[in-house]
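Subject: Structure for you to look at

Hello,

Here is the structure I said I would pass on. Please open it before you read the rest.

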Amino acid sequence: MSGEYDDLKRRMDGAIAAFKHDLASLRTGRASSNLLDAIQVQAYGTTMPINQVANVSVPEPRMISVSVWDKSMVGAVDRAIRESNLGFNPIVDGTNLRIPLPELNEQRRKELVKISHGYAENARIAVRHVRRDGMEFLKKAEKDGDISEDDHRKRSDQVQKLTDEMIGTIDHLLSDKEAEIMQV
């Protein structure tokens with residue numbers, strides 16, 4: 001079971017890593033190259049992350065610079081940024097796009113908090129799915145006679161404790177991000 005427990009922990013850690021990545025893409029008022037990580041660009045007949053068609057940098061605290069490698073992709077990158085619901089309006093300058101970050105108003109801050117709550121709920125759901133898989137594995141192991149009823153109960157408690165820890169981590173990360181977004 002130790003291998004199974006490690007697998008459950010690894011999968012739950014993966015859900016938290018994805019949640020951290022989602023939170024990093026939310027704008028808090030300071031420019032960061034991570035803000036554009038979630039943007040997918042229609043390029044060469046497929047969809048790819050923006051960092052595979054351009055170089056993203058932060059030349060100053062309230063500006064993101066996107067240097068597109070292929071001149072024919074500038075329009076697609078511009079469109080992807082505008083349609084990303086991040087509220088950015090790039091200024092196209094040849095193969096470079098400059099994205100000034102406006103001050104966040106109260107309404108936009110509340111929208112970002114709502115989006116971060118959605119990300120948190122998705123992460124909680126992912127953790128609960130892993131928990132369910134672990135519980136089903138234990139049920140099957142007991143039914144097949146691989147573990148006793150007492151073992152099943154003890155290991156179920158371990159899986160539940162791990163789940164509670166992970167949900168607590170998600171809630172903690174969410175409250176930190178919320179404070180960061182609402183900070184004026």
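Below is what was found in it.

This is a predicted model, in which local features need pLDDT of at least 70 and side-chain atom pairs count only at pLDDT 80 or more, while totals for chains, interfaces and linings use all residues. Residues are numbered from 1 along each chain as its sequence is written, and side-chain values use heavy atoms, with hydrogens and water left out.

Start with helix 3, residues 106-143 (helices are DSSP runs of H or I, at least four residues, numbered from the N terminus). Its 38 residues reach 55 Å from first C-alpha to last, close to the 56 Å expected at 1.5 Å a residue (the expected span is 1.5 Å times one less than the number of residues). After helix 3 comes glycine 145, with a positive phi near 85°.

Helix 3 packs with helix 4 (residues 149-182) at an angle of about 170°, their axes 10 Å apart (axes are lines fitted to C-alpha atoms over the stretch in contact, and angles run from 0 to 180 degrees between N-to-C directions). The two helices are therefore roughly antiparallel, a label for angles over 145 degrees.

Threonine 163 lies in helix 4. Is threonine 163 buried or exposed? With a relative accessible area of 4%, threonine 163 is buried (under 20%; exposed is over 50%, partly exposed in between, with a 1.4 Å probe and protein chains only). Beyond its neighbours within four places in sequence, threonine 163 contacts Met12, Val127 and Arg131 (heavy atoms within 4.5 Å).

Aspartate 22, in helix 1 (residues 2-24), is partly exposed at 26% relative accessibility.

Regards

How values were computed:
Parallel < 35°, antiparallel > 145°, perpendicular 65-115°, else oblique.
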